Every structure is written in C-alpha cells, then in structure tokens.
Amino acid sequence: MAETFTGAVVEQLKKNLGDTVDALGGGELDWGAFAIHAFSQLLISVFYVALFVGVYLVVIGLIRLVVGKRRAAHPLFGHVRTGVRYLMGLGALLVILAQFGAGAAFLAAMAKAGLMALGFFVAWLVLGRLIRETMTRYRMDPSIRQLVENLFSVLAVTFAVVTVVAQFGFDVVSIVAGLGIVGIAVGFAAQSTLSNFIAGITLLIERPFRIGDWVTINGQDGKVVKIALRTTWLRTRDNIFTMIPNDSVASSDIINYSAEGATRLNIPVGIAYKESAKAAREVIMPVLRAHPEALQSAGMEPRVLMESLGDSSVNLKAQVWITPDNLDVQPRIMAEILEQIKEALDAAGIEIPFPHLQLFIDDAKGLKPVVEPLYPKLAGD
C-alpha cells in the first residue's frame, strides 16, 4: 500500500515537471540526463564551496600568523575576518551562479553590488566609531548619543539599500516615489506609531529626563534605562521593566527626582500630646545625623519640624537629604531611619500614640434609663 502511494506521488511529480518543461519550450524531458546534469552541477558547486572555504582558512591563518596571537584578539581582527569571510562567500556565490548559467551582466551587477555593500559596511563601522568617540569626547548626553546613532544607522542602511538596488537596473527615483505614496497610506494606518516616533524625537531634544534618572510617568515610578524612538523604558525598584509609549510620555505629567541633584526625604513621626516636641527632636536628631546615607553639608542638614496637630498625635516631620545615587535604595533608607527613630523614642520613654477617639456627652437625658441601673451614683449627679 505504501509503495503504491509512493510510486503514484513520484509519477505525479514527473508529470508536473514534464508539463512545466513542455510549457517553457524545452521539449520532452529526459529524466536520466536531467539527473546526471543536476548531480554533476551539485558536485561542482560543493567543490567550489570547499575551495573557497579552504582559501578563507589559509588567508585567516596567514593574517593571524603575521599579526600575532595577542593582536588577533583585538576587535579589529574580528572585523577583518568578517570582511574576508564575506568576500569568500560572495566569490563562491558568483562562481556557483555562473555554473548554473547566470548571465554575465547579472554576475557583474551582483559583484558590483556586493562590493558596494561591503564598502558601506566598512564606512558604517569607521564613521560610527568616529561619531561615538566624538560624542564621548564632548561628553554629550547619553540620550542625544542614542538619537544620533539611531539616525546614522537608519540613514546608512537606507542609502546602502538604494545604491545596491540601483546596480540591478531598478529606477531608484520611481521606487522612492512609490514608497512615498505607500508611506502616506501606511501613515494613515499607523498614526499611533508615527506619533510615538515624533514624540520620541521631541523627548530626546527637550530632555525632560535622561538615562539613569528616577522619574514618575503616568503614576509609574522607575529609573530610565532607555529612550527609544517609539517607547521609553523604565526599571522599577522591583527590577520590573516597563515600556511606555512616547506619545503617552510626552502628554503626561513627568516628575524627575534626579534633575536637581540631592533629594530630600520627608519621614512622618507622631508623638502623644502629653509629650514635648522639643524632647522628641533631641532624641530624633542624633539618629538622623548618624545615618551613613544622610547628607550633612551646609544647607542640607537633617531637621525635625512640627508639621501639624492631628486628631490623636502631634505630627512631626524628619527631613534628610540623599544623593541621586541613593535614589535606587530610597525606600530602604526611609525604612531604616523610621525604625531607628521608633527604637530611640521607645528608649527615651516618649509615647507614639495610636489613633483613638474621646467622646464627651453633655445633658444626654435620653441615656439616663440605661446609665442609672449601672452607675447609680453617676446618674444621681
């Protein structure tokens, strides 16, 4: 049964291939000659591939021998090896295409396009390195560096593709005009993506925040780790990454905790009404001064202020300043200080009250039938 099915499939394939050859004007197909020709071409192609692989290994070995083992570990040698590998692959492809009957004009166009592509790659590496070194030398902002590198890569790839395609006889002007029309249609269908792209460029130019800043965007706290052309990436203190569309970022309120340097922490503390605020301050201040992350410089000294008189407590506010580097651990610092304040107040015998309600009833005659049996003396008064 299986042999019959396999034979039927083979016969059908032969018939379809034969009909295709007849339609192309090739006449009746001789399957034996076709198989011999295909097998021989395959063997020759394998031989050419092996030949180019051997040449590649010899060239790389000679280069490594000349430059030495230590210099061979340099990234530049890796780029050279990639270039040699590309040239060997291009040469093998041209030889194989010629073996299968490709025209001279097509092979010349492919060779020219391949060499141009290699030239663009080398230029991209060299210019990209120069641009990065220049921006680093002038200490440009990381977000601006990222924008320049992205735009340079897009322009280089676009120009390379247009130049390579032109080698095969395509009308580049017509292609660009057609892409412009298609781009208008795509623009209407992808308005959200385009608005995010434009908003991303606006953010990189206006710089309301930079990479490494701690911000609040749309109620989401996090550290800016990347400003892409479409989204902004935040990392929360729980090591959770959040991607926010740039259109939403540009239209929302942005709170930047790192823009002005040091940040002040406000830690609420409540004491009982019977306690002295001055005594509580004398207990809390040594705790604030002793914490290693609390700044002690002029104008940024720790302080304890009375904030308000609450329903059940006198509300104080302990203030300390921390550096932008410590924003990553801000909750830990606040928790440590609050715990140390609690221990210091307990040790000093200063009460930290819990919320309670005191009720006073004047002339509540309606409660007399209830109160009199329980508290006769109180009811008689």
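Tutor: The axes themselves are lines fitted to C-alpha atoms, for helices over the stretch in contact, with angles running from 0 to 180 degrees between N-to-C directions. Before we use that, note that this is a predicted model, where local features need pLDDT of at least 70 and side-chain atom pairs count only at pLDDT 80 or more, while totals for chains, interfaces and linings use all residues. Residues are numbered from 1 along each chain as its sequence is written, and side-chain values use heavy atoms, with hydrogens and water left out.

Student: How many helices and strands are there in the protein chain?

Tutor: There are 13 helices and eight strands. They are DSSP runs numbered from the N terminus: helices are H or I with at least four residues, strands are E with at least two. Of the 381 residues in the protein chain, 26% count as buried. Buried means under 20% relative accessible area, exposed means over 50%, and partly exposed is in between (1.4 Å probe, protein chains only).

Student: At what angle do the axes of helix H4 and helix H5 cross?

Tutor: Two packed helices are described by the angle between their axes and the distance between the axes. Here, the axes of H4 (residues 75–99) and H5 (residues 104–137) cross at roughly 170 degrees and come within 10 Å. H4 and H5 are therefore roughly antiparallel to each other.

Student: Which residues make the contact?

Tutor: Contact means heavy atoms within 4.5 Å. From H4 the contributors include His-79, Gly-83, Tyr-86, Leu-87 and Leu-90, and from H5 they include Phe-106, Leu-107, Met-110, Leu-115 and Leu-118. By class, the contact of H4 with H5 has 15 nonpolar, three polar and no charged residues. For that count, Ala, Val, Leu, Ile, Met, Phe, Trp, Tyr, Cys and Pro are nonpolar, Asp, Glu, Lys and Arg are charged, and the others, Gly among them, are polar.

Student: Is Leu-87 buried, exposed or partly exposed?

Tutor: Leu-87 counts as partly exposed, because its relative accessibility is 36%. Leaving out residues up to four places away in sequence, Leu-87 touches Leu-115 and Leu-118. Leu-87 and Leu-118 are 31 residues apart in sequence, yet 8.4 Å apart in space, C-alpha to C-alpha. Buried residues of H4 include Gly-83, Val-84, Met-88 and Leu-90, while those of H5 include Leu-107, Met-110, Gly-114 and Leu-118.

Student: Now the cores. Which residues touch the most other members of the largest nonpolar core?

Tutor: In soluble globular proteins, nonpolar side chains tend to be buried together. A nonpolar core is a set of buried Ala, Val, Leu, Ile, Met, Phe, Trp, Tyr and Cys residues joined through side-chain atoms within 4.5 Å. The largest one has 26 residues, and Ile-271, Ile-284, Leu-288, Leu-316, Ile-337, Ile-341 and Leu-345 touch the most other members. Strand E6 (263–271), helix H10 (277–290), strand E8 (314–322) and helix H11 (330–348) each supply at least two residues of this core, and H10 gives the largest share, seven residues. Apart from it lies another core of 11 residues, among them Leu-203, Leu-229, Leu-234 and Val-249.

Methods
Parallel < 35°, antiparallel > 145°, perpendicular 65-115°, else oblique.
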